[in-house]
Amino acid sequence: MQSVTLIDGGMGQELVRRAGVAPSPLWSAQVMLDNPALVRGLHEDFIESGAQVITVNSYSMTPERLARDGARQHFDALQQSACDVAMQARVNAGRADVRISGCLPPLYASYHPDLMPSMQQAQDSYQRIVDAQQSSVDLFQCETMSSIDEALAASSVAIGSGKPVWLALSLDDSSNDAAQPRLRSGEPLREAVDALKDSGISALMLNCSRPETITRSWTEFTANNTLPIGAYANGFTSVESLRPGGTV
């Protein structure tokens, strides 16, 4: 490895720990409504710990998730608040070199590629998120993409912003086949890499899977991938009990 970039840690789980209250279906978005200073402080702590990239705390702020949980009207204010606290944390830390990443997550629920809306609706929703964040961020991360279509929908819109785009795929934790790891959609990881490596993204990663799953899949992931690569695993052991609108 000739160049290593350190990104921040698990925002959602650490916010649950620091907030000291039971997580709601709005998850990290609720903290932006109740205590944005908590998020700013966590950004600052990640920077102090060596993070060179921090990600805006907007993972659960998609139009679909907010509508599901009766908070559709808060979209613009929440997106702006998430961007504002990240920028303020960078100022407070005195680290102008730290980059801020926008966040394009699964629109309705993590780990459920079957719930992805049509390609057009997905792109329309991702465009709303990009429009809300692009003046505040240095790059975009398409996170926890669980199918090839989900990855292409998010990345195609993010690339249109003109900013660098990093994309992270989520793997099926139940498969022990190191020779053919799969996305949570069941599609082979090899097919996803082939579909994405020339799409215009700037880096390809694995995320939101068990550390053991990522390690087991690493050889296959890197075999035909010429992009910069990375990984950030889940901090909990299973998503089997997680349902849309639920919490881990």
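In which strand does Thr144 lie? Select Thr144: the residue lies in strand 3, where strands are DSSP runs of E of at least two residues and helices are runs of H or I of at least four, both numbered from the N terminus. Keep the residue selected while the ground rules are set out.

This is a predicted model, in which local features need pLDDT of at least 70 and side-chain atom pairs count only at pLDDT 80 or more, while totals for chains, interfaces and linings use all residues. Residues are numbered from 1 along each chain as its sequence is written, and side-chain values use heavy atoms, with hydrogens and water left out.

**Stop 1: Thr144**

Thr144 has a positive phi of about 60 degrees although it is not a glycine. Thr144 is buried, with a relative accessible area of 0%; buried means under 20% relative accessible area, exposed over 50%, and partly exposed in between, with a 1.4 Å probe and protein chains only. Now show the contacts of Thr144, a contact being heavy atoms within 4.5 Å. Leaving aside neighbours within four places in sequence, Thr144 is in contact with Tyr59, Pro106, Ser110, Tyr111, Glu150, Ala168, Ser170, Asn207 and Cys208.

**Stop 2: Cys208**

Move to Cys208, one of the contacts of Thr144. Cys208 lies in the loop between strand 5 (203-207) and helix 9 (211-223). The phi of Cys208 is also positive, near 45 degrees, in a residue other than glycine. Cys208 is buried, with a relative accessible area of 15%.

**Stop 3: helix 7**

Select residues 148-159, which form helix 7. The expected span of a helix is 1.5 Å times one less than its number of residues. For the twelve residues of helix 7 that gives 16 Å, and the end C-alpha atoms are 16 Å apart, which agrees. Colour the buried residues of helix 7: Ile148, Glu150, Ala151, Ala153, Ala154, Ser155, Val157 and Ala158. Their cover includes strand 2 (99-104), helix 6 (119-133), strand 3 (139-145), strand 4 (165-169) and helix 8 (189-196).

**Stop 4: helix 6**

Helix 6 comes next. This helix has 15 residues and reaches 21 Å from its first C-alpha to its last, close to the 21 Å expected. The buried residues of helix 6 are Ala122, Ser125, Tyr126, Ile129, Val130, Ala132 and Gln133. Look down the axis of helix 6: these buried residues fall within an arc of 165 degrees, so they line one face of the helix; the arc is that of the directions from the helix axis to the C-beta atoms. An α-helix has 3.6 residues a turn, so residues three or four places apart point the same way. The buried residues of helix 6 pack against helix 4 (63-68), helix 5 (75-93), strand 2, strand 3 and helix 7.

**Stop 5: the nonpolar cores**

Which residues does Tyr126 touch, not counting those up to four places away in sequence? They are Leu104, Pro105, Pro106, Leu107, Met145, Glu150, Ala153, Ala154 and Val157. Tyr126 is among the residues with the most contacts inside the largest nonpolar core, together with Leu104, Leu167, Leu169 and Leu204; this core has 60 residues. A second, separate core of seven residues includes Val53, Trp166, Ala168 and Ala203. A nonpolar core here is a set of buried Ala, Val, Leu, Ile, Met, Phe, Trp, Tyr and Cys residues joined through side-chain atoms within 4.5 Å.

**Stop 6**

Select Asp173, in the loop between strand 4 and helix 8. Asp173 is buried, with a relative accessible area of 13%. Beyond neighbours within four places in sequence, Asp173 is in contact with Arg184, Ser209, Arg210, Thr213 and Arg216. Asp173 and Ser125 are 28 Å apart, C-alpha to C-alpha.

Then go to Thr222 in helix 9. Thr222 is partly exposed, with a relative accessible area of 27%. The C-alpha atoms of Thr222 and Arg190 are separated by 9.3 Å.

**Last stop: the whole chain**

Zoom out. The protein chain has nine helices and six strands. Along its principal axes the C-alpha trace spans about 45 × 40 × 35 Å. Of the 248 residues, 49% count as buried.
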